[in-house]
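Here is a friendly briefing to read alongside the model. Please keep the viewer open as you go through the points below.

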Amino acid sequence: MGTLLWRALLAALLVCGIGLLPWLTRTDPAFTVLKARSAEREATPAVLADIRDQLGLDAGPLRLLGDWLGGLPRGDAGRSWISGAEVMPDVLQALGASLLLMAVALTIAILVAALVCARTLCGGGRRRGGGSGSAMVAALPEFLTASVLATVVGVQLGWLPALGWYGLQWTILPGLAIGLPAGALLGRLLDDLLPGAFAEHWALAAAARGIPARRIAAQAVRRCLPALLPNAGLFVVGLTGGSVAVEQIFDIPGLGRTALQAAIAQDLPVLQASTLALVLLAALAAGATRVTARLLIGPALRDGGLSSLHRPAPPARRTPPLLYAGVLFGVVALGLPRDPLALDTRARLQPPSWTHPFGTDALGRDVLARVGHGALDTLLLASAISAAALLAGLVLGLVPRLSGPLVDTVNAIPPVLAALLVTAVVGSGGATPALAVTVVAWAPLAAHTAALLRQERATLHVTATQGLGAGRWYVLRHELLPAALPPVTRHALLRLPSVALALAALGFLGLGAQPPSPEWGLLLAENQPYAERAPWAVLAPAAVLALLGALAVTATGLTVRRPRKALRTTQPRPGAWELAFR
């Protein structure tokens, strides 16, 4: 009951925080509205006071929150500070575009996941191949996939439209940009679970009875889905965040792009409604996956069968992370001695050569130099964020009753959405992406810490230590923390490339560093308009970002250990899953 109340309180605080955005912002909303409506008019105290009176900002935070919450049941989310139009109709129209894009992306993700698992399913659970291709695709962030697809398929090849939103044909490229990485990652997770399902008693008994392999494969997928659905809910949340960048690249009038433009323009009523819609969409997706998982589990939950589905060994042949790290280090080492700010207008948009191995950008600057210096800035900031997230995760993981519901709430907020809220409060700048990523980066580390401590408390040596009279603090310092700290620290280090990619995504959206900074996301955004004339200016930083993502995926794979043979032969009670064949 206490946990339920805590969850309800967190949800209420989140909604109230969205409602109080106009009062929380440090910038003067009256000044923002005045500059948007009439840039030439002087911002005198009398004029600003009149605008505040019109917007109702002088009524105080409680009145402001009450008016906003009271209007939502009537479909009234206020009026735009910039255009003066009602907010709700435009937000609902944008929501429809985003839902269509999400449906196409989910369809593509399911198809990609099926292709990744096809060989394992056809082979009766025997893994064939290492899946390095799917690892590379899974490592690509959405904004990077969208940039490459728009540049190569849309602009260079001209096969599909790369700009606008005028029909089903215009949904294919953005759907691929979102669905390909998500489908590859879901497929890899499912492919890791399938061998364990095929090795269980019910599958062996079904094969011995002569049941067709196709039916056994279908039930094996059904057997693995409950363990996969919670991650699928998080992926839907990720799709919500990734759609912001994709909608911006392909000029789609969706909810993410609407929220981004409102945050940059400080049009807080539009941002409030868009943020609330994004949070509700993520919460509904997470809730739907949990309900679906319970419906799929059925009697197996009582049989305890789900706890014994073991993760198989990693593929024997895997590209070593040291190779990716070596190539990445080589690119950075070659770029650092060069000047990233040196202008040469006579060498604008030059193709790759011995002088400029990655070519030049629209101002004649060396792309290799900007990639190298951007890597140094991005990775240093990512290291600081990872250290802060590690500290917060360890501290909050010690109190799982407090942090558990908080983790679920934070997981419903993608980094892009957090950055939009930070931008609305403190404005855009170099600190915005760091704050936004730090807000959400601690959650998986806290969940990992809580799980490890819960497992360690159940061990015999901790019970014996407590039985000998050791106090709580002694057990924590000498038994629990030494067991949890090394794996959680490795977890934080493995998330370092993901943090760097998140920072690059926010920089790409214009929510972070400003020109002439060589930050990776900003570098990609600056060169995007010249993709047709100089594709190397986009593809070179895109390749480096893809290399960083592949490093994250392969490094994470090193933590998967081969189960002991004794454990691999342990099977759950077959009764619940044999019922599926009756």
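Helix α16 and helix α23 (residues 520-527) pack with their axes 8 Å apart and at an angle of about 145°. Axes here are lines fitted to C-alpha atoms, for helices over the stretch in contact, and angles run from 0 to 180 degrees between N-to-C directions. On the α16 side the contact is made by Arg-370, Val-371, Gly-374, Ala-375 and Thr-378, and on the α23 side by Trp-520, Leu-523 and Glu-526; contact means heavy atoms within 4.5 Å. By class, this contact has 4 nonpolar, 2 polar and 2 charged residues, where Ala, Val, Leu, Ile, Met, Phe, Trp, Tyr, Cys and Pro count as nonpolar, Asp, Glu, Lys and Arg as charged, and the others, Gly among them, as polar.

This is a predicted model, in which local features need pLDDT of at least 70 and side-chain atom pairs count only at pLDDT 80 or more, while totals for chains, interfaces and linings use all residues. Residues are numbered from 1 along each chain as its sequence is written, and side-chain values use heavy atoms, with hydrogens and water left out.

**The chain as a whole**

- The protein chain has 26 helices and 0 strands; helices (H or I, at least four residues) and strands (E, at least two) are DSSP runs, numbered from the N terminus.
- Of its 582 residues, 49% count as buried, with buried meaning under 20% relative accessible area, exposed over 50%, and partly exposed in between (1.4 Å probe, protein chains only).
- Among contacts between residues at least 6 apart in sequence, 75% join residues at least 24 apart.

**Salt bridges**

- The count comes to 7 salt bridges, each being a side-chain nitrogen of Lys or Arg within 4 Å of a carboxyl oxygen of Asp or Glu.
- Glu-526 lies in α23 and Arg-370 in α16, so the pair ties together parts that are 156 residues apart in sequence.
- Glu-526 is buried, at 18% relative accessible area, and Arg-370 is buried too, at 0%.
- A network of salt bridges links Asp-361, Arg-365, Arg-370 and Glu-526.
- Asp-251 pairs with Arg-257 in a salt bridge whose closest N and O atoms are 2.6 Å apart. Asp-251 is partly exposed at 31%, whereas Arg-257 is buried at 18%.
- Asp-344 and Arg-346 also form a salt bridge (3.6 Å, N to O); Asp-344 is partly exposed at 28%, and Arg-346 is exposed at 76%.

**Other places on and around α16**

- Ser-386 is in helix α16 and counts as buried because its relative accessibility is 11%.
- Apart from its neighbours within four places in sequence, Ser-386 is in contact with Ala-492, Leu-496 and Val-499.
- Leu-336 lies in the loop between α15 (321-335) and α16 (367-397), and its relative accessibility of 31% makes it partly exposed.
- Together with Leu-376 and Leu-380, Leu-336 forms a nonpolar surface patch of about 250 Å² of accessible area. Patches are made of residues with over 30% relative accessible area and no salt bridge, joined within 9 Å for like charges and within 5 Å for nonpolar side chains (Val, Leu, Ile, Met, Phe, Trp, Tyr).

Conventions
Accessible areas come from the Shrake-Rupley method with a 1.4 Å probe; for residues, only the protein chains shown count as cover.
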